[in-house]
Amino acid sequence: MTTQDISYSFVKFFESEVHSAYQQMGSKLRATVRLINDVKGATAVFQKVGRGEASTKARNAQVPLMNIDHQAVECDLSDYYAGEWIDRLDELKTNHDERRVVAGAGAYALGRKTDELIISALSSATQEVGNYSQYLDKAVILQAFTSLNNANVPDDGQRFAIVGPAQWNMLLTMPEFSEANYVGEQYPLLKGTENRKWLGIVWIMHNGLPLSADGKQRDCFVYHKTAVGHACGHDISTDITWHGDRAAYFVNTMMSQGAVLVDGDGVVKVKVKEGYDLPNG
């Protein structure tokens with residue numbers, strides 16, 4: 001039996017639910033970086049553009065050129081799969097609730113892989129603040145903030161920070177972070193993800209950030225959207241085939257993606273001790 005022999009509505013709705021789940025909750029970080037879709041081939045190229053300088057000119061003379069430096073940063077794509085068997089007797093074909101469970105599981109698995117790729121790209125940055133002997137506090141946050149400003153990273157609403165659950169709890173003890181004026185779903189691109197805006201930075205909690213083997217050291221990141229590139233050669237799609245020897249459908253959800261650090265000046269790694277200190281009283 002081929003895919004064409006399977007219920008059209010089953011395939012159509014399953015693919016729709018996988019795509020929707022991936023877009024809504026599968027990846028927290030995809031919308032916070034540069035994107036290139038529909039990449040042809042195994043490599044995508046992101047352009048890193050240097051800073052131009054304005055000059056004066058004499059009357060009727062030629063307008064001076066900025067001589068902007070252009071660098072091409074290559075991003076390799078890899079293929080990823082998330083498969084699952086669905087026994088025919090489970091009758092998931094007509095049970096929409098159960099179908100969503102399987103569709104969501106595949107989408108979330110690939111969403112976590114997307115974030116893993118982006119976090120790996122962020123981890124390759126060399127600009128660092130903090131140390132692993134101290135918890136996250138306001139001082140180290142301001143160091144990261146200063147590092148971006150010193151590098152002339154634009155303060156244009158596209159700065160993001162990702163921290164672990166313990167660091168998020170620490171931030172919630174700061175009135176300037178937790179009060180109502182800073183709370184809310186201000187960013188539709190992050191729908192379904194709790195976020196705050198403070199210091200012109202959108203803060204996001206993520207439990208997939210690098211953690212040492214002993215569980216005592218955590219890496220967090222503050223970055224500009226243009227500093228990291230995410231390339232997609234084949235967006236989330238689903239293939240469903242019938243296997244008579246198993247009396248089951250095999251559902252394969254797949255994608256082809258990659259991520260790369262484009263501009264190290266736009267990323268600050270924040271090294272902290274895992275955990276947090278509650279304020280006295």
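Visitor: Which helix holds both Lys 113 and Glu 116?
Guide: These two residues sit 3 positions apart, about one turn of the helix. Helices (H or I, at least four residues) and strands (E, at least two) are DSSP runs, numbered from the N terminus. The model is predicted, with local features needing pLDDT of at least 70 and side-chain atom pairs counting only at pLDDT 80 or more, while totals for chains, interfaces and linings use all residues. Lys 113 and Glu 116 both belong to helix H2 (residues 96-123).

Visitor: How far apart are the closest N and O atoms of Lys 113 and Glu 116?
Guide: Residue numbers run from 1 along each chain as its sequence is written, and side-chain values use heavy atoms, with hydrogens and water left out. Lys 113 and Glu 116 form a salt bridge, that is, a side-chain nitrogen of Lys or Arg within 4 Å of a carboxyl oxygen of Asp or Glu. By this rule the structure has 5 salt bridges. For Lys 113 and Glu 116, the closest N and O atoms are apart by 3.0 Å.

Visitor: Which strands are linked by the pair Lys 271 and Glu 128?
Guide: Lys 271 forms a salt bridge with Glu 128, with closest N and O atoms 3.2 Å apart. The pair joins distant parts of the chain, 143 residues apart. Lys 271 lies in strand E12 (residues 267-273), and Glu 128 in strand E5 (residues 128-130).

Visitor: What separation in sequence does the pair of Lys 138 and Glu 176 span?
Guide: The closest N and O atoms of this salt bridge are 2.4 Å apart. Lys 138 lies in helix H3 and Glu 176 in helix H5 (residues 175-178), so the pair ties together parts whose distance in sequence is 38 residues.

Visitor: What is the volume of the largest cavity?
Guide: A cavity is a set of points on a 1 Å grid over the protein atoms alone, where a 1.4 Å probe fits but cannot get out. Grid points are joined across faces, edges and corners, and the volume is the space filled by probe spheres set on the points. A search of the whole structure finds 1 cavity of 30 Å³ or more. The volume of the largest cavity is about 50 Å³.

Visitor: Which elements give two or more residues to the lining of the largest cavity?
Guide: Lining residues have an atom within 4 Å of a point, and here they include Ile 141, Val 163, Trp 203 and Phe 221. The elements giving two or more residues are helix H3 (138-150), strand E6 (159-163) and strand E9 (217-224).

Visitor: Which residues form one aromatic cluster?
Guide: Rings of Phe, Tyr and Trp (its six-membered ring) pair if their centres lie within 6.5 Å, and planes under 30 degrees apart count as stacked, over 60 as edge-to-face and the rest as tilted. The structure holds 6 aromatic pairs. One cluster is formed by Trp 168, Phe 177, Trp 198 and Trp 203.

Visitor: What is the phi of Leu 199?
Guide: Leu 199 is in the loop between strand E7 (195-198) and E8, and is partly exposed at 25% relative accessibility. Although Leu 199 is not a glycine, its phi is positive, at about 60°.

Conventions. On a 1 Å grid over the protein atoms alone, a cavity is a set of points where a 1.4 Å probe fits but cannot get out, and a pocket is an open set with protein on both sides within 12 Å along at least five of seven lines; lining residues have an atom within 4 Å of a point. Buried means under 20% relative accessible area, exposed over 50%, partly exposed in between (1.4 Å probe, protein chains only).
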